[in-house]
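Here is a short briefing on one protein chain. Look it over before you read on.

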Amino acid sequence: MQFMLERKHTFTVAAFLVSSASLIFFSFSRSWDGGVYRQANSNALRRVNSEDSYLKSVEYFVLKKGRALFALNSDELTLDGGGEKSIFIRPKGLVFTSSGQKINYEGLAGIFNQKSGVLTLEREVLLNTEDTEAKSKKMIYQSAKDQVHLIGAVKTKTFRAEEGDWIFIDSQEAYFWPQKRRSTYLGKVSGLIKRKKAYEDSMKFKSNKFHLNMNTHKAKLTKDVYIKKQNLSATSRRGEIFLENYNKKLKYFALYDDVKVIEKVMLDGKFIDRKAFSEKLEGIPSEEKIVLTGYPKVYQLNDVIRGNRIILRENTEVVEVDDANTKFKVE
């Protein structure tokens, strides 16, 4: 009996040694993927990565290829576990364009995606570039494009240092390219160009789209264009404003396609509405005149005036007509 137990015990030990040797040989001869343990480790790693980091009263900086890209102060900061997105409460700071130009910003909340380089601000957004101050409900800045997109109740004012003028613009949304000194305004655009000198006339304008280029000192208006200057108001499909030409003997603004003009002029001691129609209008403030071309005609009281080129003098009932080889004035 004792011999039988010893043989059984010996057999068990031998079987264990053979199994262990086989397992060791198998582990060296093949790569083990971890089986169920691999899945367990993967889940644990995901749990670690999904844990967000939360900080209060922080200063945050982002560098890209040794160049400053983004900096801010924030009341609260949450970093997601993946390290791609940062969520801010009351962010305030700077964005740097590829040329190093600074863009100041602030809002009530914000998200920065470090992978895409996109900064999004929400609610009570304020923005300051080299020459423009802006307010909106939302801002999206794309560092790769050096583009700022403002959305919702956009209000801006731009300073023209060359002339000392201010340009005030309201719109539904706007795009800025600060490095290129260009901007585009969209949706129910309305604005005012306020001259530095009090005795120089300001001008109001409206359109569906307004593009401003501070390098060429030129603005383009598209669709439902409206311009008002003193007693004159005009509408058209397209328009341009030449910001440098106010005191030069050059056109300061021009309207194109289906131009309609209404001007209040004094006649016999009372104001009347003088109406005009043409395909093109040029305004020359230095000479206080409006030039109409493209089948122009003017309605003044019971008179209808036609010609190849008609000039309206501001604040006077005099109309100058260039009809083929004949020039004359109508008073």
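Predicted model: local features only at pLDDT ≥ 70, side-chain atom pairs only at ≥ 80, totals over all residues.

The protein chain has two helices and 22 strands.

**Whole chain**
- The protein chain holds 331 residues, and buried residues make up 40% of them.
- Its exposed surface comes to about 19800 Å². Carbon and sulfur atoms supply 53% of that area.
- Take the contacts between residues at least 6 apart in sequence: 36% of these join residues at least 24 apart.

**The largest pocket**
- The largest pocket has a volume of about 200 Å³.
- Its lining counts 14 residues. Glu 133, Lys 135, Lys 155, Thr 156 and Lys 157 lie nearest the centre of the pocket.
- Sorted by class, the lining has five nonpolar, four polar and five charged residues.
- At least two residues each come from β7 (118–128), β8 (132–142), β9 (147–160), β10 (165–177) and β11 (182–194).

**A closer look at Asn 113**
- Find Asn 113 in strand β6, which spans residues 109–113.
- Is Asn 113 buried or exposed? Asn 113 has a relative accessible area of 17%. The cut-off for buried is under 20%, so Asn 113 counts as buried.
- The side chain of Asn 113 reaches the backbone nitrogen of Ser 116 at 3.1 Å.
- Leaving aside residues up to four places away in sequence, Asn 113 touches Glu 84, Lys 85 and Val 118.

Methods. Residues numbered from 1 in each chain as written. Heavy atoms only, no water. Helix = DSSP H or I, 4+ residues; strand = E, 2+ residues; numbered from the N terminus. Buried < 20%, exposed > 50% of the residue type's maximum accessible area, 1.4 Å probe, protein only. Contact = heavy atoms within 4.5 Å. Areas by Shrake-Rupley, 256 points an atom, 1.4 Å probe, with all protein chains shown as cover. 1 Å grid on protein atoms, 1.4 Å probe; cavity = no way out; pocket = protein on both sides within 12 Å on 5 of 7 lines; lining within 4 Å. Points joined across faces, edges and corners; volume = space filled by probe spheres on them. Nonpolar A, V, L, I, M, F, W, Y, C, P; charged D, E, K, R; others polar. Polar contact = N/O pair within 3.5 Å; in protein donor to acceptor, adjacent residues only side chain to side chain.
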